[in-house]
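Q: I have a structure open and would like to go through it piece by piece. Can we start with single residues and move on from there?

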Amino acid sequence: MYGLIILAFYTLLMLSATKLFSARTLTAETFHVADRRIGTLQGAMSIAATWIWAPALFTSAEKAYVNGWPGLFWFLAPNVLCLLLFIPFARRIREQTPRGITLSAYMAQKYHSRAVHSIYLLTLTALAVLSTAVQLLAGAKILAVITGWPFWSLTLVLALIAFAYAQYSGIKASVLTDSLQMLFMLAFAVLFVPLAWQKTGGLANLLNGLAGFSGEYSALWDANGLQLFLAFGLPSAIGLLAAPFGDQCFWQRAFAIRADKLGRAFKLGSILFVLVPLSMGLLGFMAAGYGYAAQDRGLVNFELISGLLPGWAMLPFLFMVISGLLSTVDSNLCAAASLTSDFNLNLRTAKGVMLLLLITAIAIANIPGLGVTDLFLLYGALRATTMLPTVLTLLGRPLKAGAVFVGIAAAMLVGIPLFVSGMLGGNVLLQTGGSLCVLLLSGLISLIASGRKEAQA
């Protein structure tokens, strides 16, 4: 019953807000970048809400519960740092192409290359699909437990809810609903900490949980800490630090927020964001210190709230979860739709792309045995493939189009398979090597090959 109530209330609220406060969009400029008029607060709320995805809600609690404060540290630090590092590059792309909409179009303009354009379109689209899949996977997994509905049907329901308001006015609907979602998430996240504090024994059990459920994680660089760093810290840091650079959601906001408000919006967004996964991490510490034996460590915060807190607490928790997941889904839909602007396609086609993305994401989310954290690490690796060529281009480093294409292709074809093999086989060194290959290959090949061509010329 809880799940049905929240789904109905959420849908009604978001659709009503969208129709009341944003007009149906008829122009591409408004649909894709909101006429470039988004202000600081609304932009910050949208950035934070978009960045609160399934890992922020569940992986943060899981790492705190399993790996203590070192696990939470390796999740939170790069999550915040990446948004701050993105600021100067958001400003640069806005200065260099003030009427731009997508990263792929910017790179195509810089290199006059169909190959470069195509590989950027591929990575940006694949990321939007995989990111949407993990949100649907996490949301449907919880709602299936609560409602008893089939998992596949809930992935479909969640997808259709996000599409219903995102297609109405594009990025304007996304930013508006993001702001509402963020307000609720902040309020509910803060609410759960004192409730769990009271039920799990207060400060003593919280402190006991700082080393994780096993009590073996008390330092960043001891034997356990080093293994955690290699298996999770380094791969997640690479994926997260590269995240905004390989994600059209953030480039789209860089073009949509007022140019003079960009820095402040991203700084405030990083502060607002961290409050939510930090509160979920505190729940993980409390569960570990209390000695709570989670049936599914990836859902330990959900189990703690449903098992120990009053029954009514499930209502705000589910609303927070759905808000966090669907805020990212609707942002992905708008990001994918904006890529059609590279070809000057109409808005009907853009909305068709939204639907195609959802169909693909639903299919991926329903792959048996797929885990949230594994998928998070996988598309984190994908995002890193384009980071260095993008950064070098924005910094004005002369590169050759062919070198950029080959570098990114090598990172995808060599680095990602190495990373996935290590992740699936439990080989920490292979996983770490794959992560580094994904990040470094594209940049090194782009630089070396461009240098050789210049020398030959």
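Q: Is Ile 271 buried or exposed?
A: This is a predicted model. In it, Ile 271 is exposed, because its relative accessible area is 52%.

Q: Which helix is Ile 271 found in?
A: Ile 271 belongs to helix α12, which covers residues 262-290.

Q: What about Ser 236, buried or exposed?
A: Ser 236 counts as buried, because its relative accessibility is 1%. The residue is found in helix α10, residues 223-241.

Q: What does the side chain of Ser 236 reach?
A: The backbone oxygen of Gly 233, at 3.1 Å.

Q: Switching to α15. Which of its residues are buried?
A: The buried residues of α15 are Leu 347, Ala 350, Lys 351, Met 354, Leu 357, Leu 358, Ala 361, Ile 362, Ile 364 and Ala 365. Seen down the helix axis, they fall within an arc of 160°, so they line one face of α15.

Q: And what is exposed on the other side of α15?
A: Arg 348, Leu 356 and Ile 359 are exposed there.

Q: Which helices do the buried residues of α15 pack against?
A: They pack against α2 (28-33), α6 (114-147), α7 (151-169) and α14 (314-338).

Q: What span should α15 have at 1.5 Å a residue?
A: The 19 residues of α15, numbered 347-365, should span 27 Å, and the end C-alpha atoms are 27 Å apart, so the two values agree.

Q: Which residue caps the N-terminal end of α15?
A: Asn 346 does, with a side-chain oxygen 3.2 Å from the backbone nitrogen of Arg 348.

Q: Is Cys 249 buried or exposed?
A: Cys 249 counts as buried, because its relative accessibility is 1%. Cys 437 has 24% relative accessibility and therefore counts as partly exposed.

Q: Last topic: which residues touch the most other members of the largest nonpolar core?
A: Met 182, Phe 192 and Phe 317 do, in a core of 164 residues.

Q: What is Phe 317 in contact with, leaving aside its neighbours within four places in sequence?
A: Phe 317 is in contact with Phe 58, Phe 192, Met 280, Asn 301, Phe 302 and Ile 305.

How values were computed: Residues numbered from 1 in each chain as written. Predicted model: local features only at pLDDT ≥ 70, side-chain atom pairs only at ≥ 80, totals over all residues. Heavy atoms only, no water. Core = buried A, V, L, I, M, F, W, Y, C linked by side-chain atoms within 4.5 Å. Buried < 20%, exposed > 50% of the residue type's maximum accessible area, 1.4 Å probe, protein only. Contact = heavy atoms within 4.5 Å. Helix = DSSP H or I, 4+ residues; strand = E, 2+ residues; numbered from the N terminus. Polar contact = N/O pair within 3.5 Å; in protein donor to acceptor, adjacent residues only side chain to side chain. Expected span 1.5 Å × (residues − 1). Arc of directions from axis to C-beta.
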